Amino acid sequence: MSETNVPPPPAAPRGGSNDKTLMLVLSYLGLLALIPLLTEKDDADVQWHAKHGLVQFFFFVIIWVVIGIITSTGVGCLFAFLYPIVGLAWLIVTILSILKATKGERFIIPGVSDFANKF
């Protein structure tokens, strides 16, 4: 039997677009945004998305806490329907942010993005 010399596959480029895309996606996945924020200090675009992703995450956490406080009162049970609405809004904003980030664009939320720009 003869052995064929098959060259090894080419090495993946280091620091290529796959790493940046991964970091952009992680920027909008809650506390996982800390990974690109702390590791990609040289890339201003990744830093921008990581900061905005963290601010968006904490914005929705604050909304959930406020709804939880309101619903814990006797009259607040009428506001319990807001939980799935806020959850759906968070999912939509996260998906739109990831899609825009991977295309090289920015998803701006008035007020929230202004607050994130201060950091």
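1. Residues 24 or more positions apart supply 49% of the contacts in the protein chain with a separation of 6 or more, a contact being heavy atoms within 4.5 Å. This is a predicted model, in which local features need pLDDT of at least 70 and side-chain atom pairs count only at pLDDT 80 or more, whereas totals for chains, interfaces and linings use all residues. Residues are numbered from 1 along each chain as its sequence is written, and side-chain values use heavy atoms, with hydrogens and water left out.

2. The protein chain has five helices and zero strands, in the order α-α-α-α-α from the N terminus. Helices (H or I, at least four residues) and strands (E, at least two) are DSSP runs, numbered from the N terminus. Of the 119 residues in the protein chain, 30% are buried. Buried means under 20% relative accessible area, exposed means over 50%, and partly exposed lies in between (1.4 Å probe, protein chains only).

3. Helix H3 (residues 44-71) and helix H4 (residues 82-102) have axes that come within 10 Å and cross at roughly 175 degrees. H3 is therefore roughly antiparallel to H4. Axes are lines fitted to C-alpha atoms, for helices over the stretch in contact, with angles from 0 to 180 degrees between N-to-C directions; angles under 35 degrees count as roughly parallel, over 145 as roughly antiparallel, 65 to 115 as roughly perpendicular and the rest as oblique.

4. On the H3 side, the contact includes His49, Gln56, Phe57, Phe60 and Trp64. On the H4 side, the residues include Tyr83, Val86, Trp90, Val93 and Ser97. The residues of the contact of H3 with H4 divide into 12 nonpolar, six polar and no charged. Here Ala, Val, Leu, Ile, Met, Phe, Trp, Tyr, Cys and Pro count as nonpolar, Asp, Glu, Lys and Arg as charged, and the others, Gly among them, as polar.

5. Rings of Phe, Tyr and Trp (its six-membered ring) pair if their centres lie within 6.5 Å; planes under 30 degrees apart count as stacked, over 60 as edge-to-face and the rest as tilted. The count by this rule is three aromatic pairs. One of them joins Phe59 and Phe60, edge-to-face, at 5.5 Å centre to centre and 75 degrees between the planes. Phe59 is partly exposed at 36% relative accessible area, while Phe60 is buried at 6%.

6. The ring centres of Trp64 and Trp90 are 6.1 Å apart and the planes stand at 65 degrees, so this pair is edge-to-face. Trp64 lies in helix H3 and Trp90 in helix H4, so the pair ties together parts that are 26 residues apart in sequence. Trp64 is partly exposed at 25% relative accessibility, and Trp90 is partly exposed at 27%.

7. The charged end of Arg106 sits over the ring of Trp48, 4.2 Å from its centre. The criterion is NZ of Lys or CZ of Arg within 6 Å of the ring centre and within 35 degrees of the ring normal.

8. Leu34 is found in helix H2 (residues 34-39) and is partly exposed at 36% relative accessible area. The C-alpha atoms of Leu34 and Leu54 are separated by 7.8 Å, at 20 residues apart along the chain.
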